[in-house]
Amino acid sequence: MNSDSDYKDQVEFYLNALDELGAVLIDEDKSSGISRGILRIILGTMMAPRGAIFIHSSEGLKVMAVQGNKKLKSPLPWSEEVSSQLREFKHSSLSGGEIDSLLSDLPEKTRRYFSELGCELYVPLYHKNSFIGLLALGRKFTNEDFTETEMKILEIICNHLTDALYNQELIEDIQEKRTDLRLKLLELQTLFDVSLAISSVLDMDSLTEEVLIRAAATLNASTGFVLMAQENSPILKLKASFNADEDHLNKIMFSTTKGVLAEIWKGQEPKMLSVDDNTELQSKIMHDNLLLAPLIGKDGVLGCLVLCDKESRTGIGPFASEDLEMLMSLAAQAGVAMDNARLFRNITDAKRFSESIMGSIATAVITTNLLGEIDSVNDAGLRILQMPSEEIIGNHYQYLFENDSAVCDVILAAETNRKIASEMHISFTIGSDETMINISAAPLTDYQNQHLGMVIAIEDISIENKIKNTFKRYVSKQVVDQLLDDERALNLGGEEREVTILFSDIRGFTTMSENMTPEKVVSTLNEYFSEMIDIVFKHNGTLDKIVGDELMVIYGAPISSEDDSTNAIETAITMTESLNKLNNKRIARNDVPINIGIGINRGKVISGNIGSKDQMDYTVIGDTVNLGSRLCSVAQAGQILISKAAKEHARGSFNFHELDPIELKGKAKPIQIYEVM
């Protein structure tokens, strides 16, 4: 029992990794993002502490993702001779000693980096015969050898990594050239869509049909079929057909020992035939215009994809050279997908795969039958719906979600159109009034593509939504949105930045508060801060901290702008104007007016998360901050003092009045200051 349980846990662990791999390939659209995501998955799956992903380019070997060593900004020197030598390990791996031997003639920079990386397993990444890059993997935490199953999992992931990096490399190359952009982008997007579609199909029969339909639709072929190799036989078997006479094709003996098919099996390259070629194959299948592409796996040719007669507005005609290139890419994707399907089948059967996925994912997965009645829900669904399965199973989805019309609309749209429908960031009353979800619904089909019902996925994003809303209480909405769009804009490790600092505090607040009750002191501060902080956020300031009656505001961290000093000055002016209006209200109700002084400085600071692993504050430190605070303390009531550096960085029509330099503690020379009029 223990071994069965351990095996199930192990399979579930690997399936989770493959599921996460799919998410990375779908979500990421940059080589760097794909590399970082896949490296994280590999290290977690293989339980290794160190690793790196390198991409080969004309400039050298780029470090795209690394764990356990520094990431270099410039590429490592490389040579085509090393790339050629690595081809020997195209479908295998190298040890640390073997890679050191290959790199012995390269410059010191490359050899030193690989030595410091300290990895013991290297996997060359090849697309066909083109060297794409290199995966480096350290030894396990446990110091054990990698198992055969782990190496199969690594092979699957590397296939996807190679495929994704190759496609991304094509996309980036097209973007640089800019020639015939729309057509090329359309072709690549189609190729990418086909890749995603076929890579998610694990049943070989379904995959073969999917490849054929996608290829025929992409290249506008009127007819097509797939021939697959049979073990220990040169005779190919008809595996799938599109708009073809299967009875006729089944009577033909397709052999890899002669003719065009023999050339494809030997050369492993696609071919395009027209009426002038007049081969025996064209005569047998009764089509003159053909595209033939081998489906190549890691062990050789798996089969052949055949497309016949290109359809256009003018009728049936020959294919173009661009069609051959596209089919070659499609066939390469199909070969990888077929390899992965076979490898995956060796790990577990379809039933265990489905059960493990359903039980392990954090997203609620609900299935319905043809009548819309719910017939299954996973554990995550029970948690999100907050009710037992007996209250869910058998009910119609419209009854279950009767108070959530947006949810019903998504399911109904997918049900009506037989297409995936989704909606992001909607409220969900079943959980609570504060529950927010993302929902998607898709048709559920069997292996014969017969409609069975619907699959509904619900992701609880309530915590994420609360964090986002909480964040907006500390920095402006614009800053929050920009950070969420590009998480790299926030360097959690700390960095040197040039920022503008604004300090303001209430003059004589201690004396003023002595004549107030504690409740009155708090209400006065809340009234004052509500006005001031709103102004700060409207001018894209980051509220660093509130200390008593003092405000510290940063412009330029975590997001910098050419208008940082301008925004700081406009904030100060608006705060003064708003305070005058607030004081008129306070005087009218016999409250003591509030007077503030403001100091603004600009310079270099160290910004980042400062604190402990349990409690951190995003802040800035340095002499620039101290000088800004001292300018604030010197400013009189209603006065805005600004340093020379902030004045020179400001853009706009402000009136500055030069004041006599002031001497400040800790400064050897007097400081030139200005008053904003």
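Is Arg589 buried, partly exposed or exposed? Arg589 counts as partly exposed, at 39% relative accessibility (buried is under 20% relative accessible area, exposed over 50%, partly exposed in between, with a 1.4 Å probe and protein chains only).

1. Basis. The model is predicted: local features need pLDDT of at least 70, side-chain atom pairs count only at pLDDT 80 or more, and totals for chains, interfaces and linings use all residues. Residues are numbered from 1 along each chain as its sequence is written, and side-chain values use heavy atoms, with hydrogens and water left out.

2. Arg589 and its partners. Arg589 forms a salt bridge with Asp591, with the closest N and O atoms 2.6 Å apart (a salt bridge is a side-chain nitrogen of Lys or Arg within 4 Å of a carboxyl oxygen of Asp or Glu). Asp591 is buried, at 12% relative accessible area. Both residues belong to a network of salt bridges that links Lys520, Glu527, Arg586, Arg589 and Asp591. The structure holds 24 salt bridges.

3. Helix 21. This helix covers residues 564-588 (helices are DSSP runs of H or I with at least four residues, strands are runs of E with at least two, and both are numbered from the N terminus). Its 25 residues reach 36 Å from the first C-alpha to the last, close to the 36 Å expected at 1.5 Å a residue (the expected span is 1.5 Å times one less than the number of residues). Helix 21 is followed by Asn590, which has a positive phi near 65°.

4. Glu108 and Arg111 form a salt bridge, and their closest N and O atoms are 3.3 Å apart. Both lie in helix 5 (residues 108-117), 3 residues apart, or about one turn of the helix. Glu108 is partly exposed at 40%, and Arg111 is partly exposed at 32%.

5. A salt bridge between strands. Glu498 pairs with Arg602 in a salt bridge whose closest N and O atoms are 3.4 Å apart. Glu498 is in strand 17 (residues 495-506) and Arg602 in strand 20 (residues 596-611), so the pair ties together parts 104 residues apart in sequence. Glu498 counts as partly exposed, at 42% relative accessibility, whereas Arg602 counts as buried, at 10%.

6. An open sheet of 5 strands has antiparallel pairing and the order 13-12-16-15-14 (two strands pair if DSSP finds at least two bridges between them). Strand 13 (374-377) and strand 14 (421-427) stand at the edges with a single partner strand each, so one side of each has no neighbour in the sheet. From one strand to the next, the twist averages 20°. Strand 15 (residues 436-445) and strand 16 (residues 451-460) pair in the antiparallel sense over 9 bridges. Asn438 stands opposite Glu459 in strand 16.

7. Helix 16 on the strands. Helix 16 (residues 405-417) lies across strand 14, strand 15 and strand 16, and runs at about 25° to strand 15 (axes are lines fitted to C-alpha atoms, for helices over the stretch in contact, and angles run from 0 to 180 degrees between N-to-C directions; contact means heavy atoms within 4.5 Å).

8. Gln639. This residue is in the loop between helix 22 (623-634) and strand 22 (640-643). Gln639 counts as buried, at 13% relative accessibility. A polar atom of its side chain lies 2.9 Å from the backbone nitrogen of Gln636. Not counting residues up to four places away in sequence, Gln639 touches Ile596, Gly597, Ile598, Leu659 and Glu675.

Methods: A polar contact is a pair of N or O atoms within 3.5 Å; within protein, one must be able to donate a hydrogen and the other to accept it, and residues adjacent in sequence count only if both atoms are side-chain atoms.
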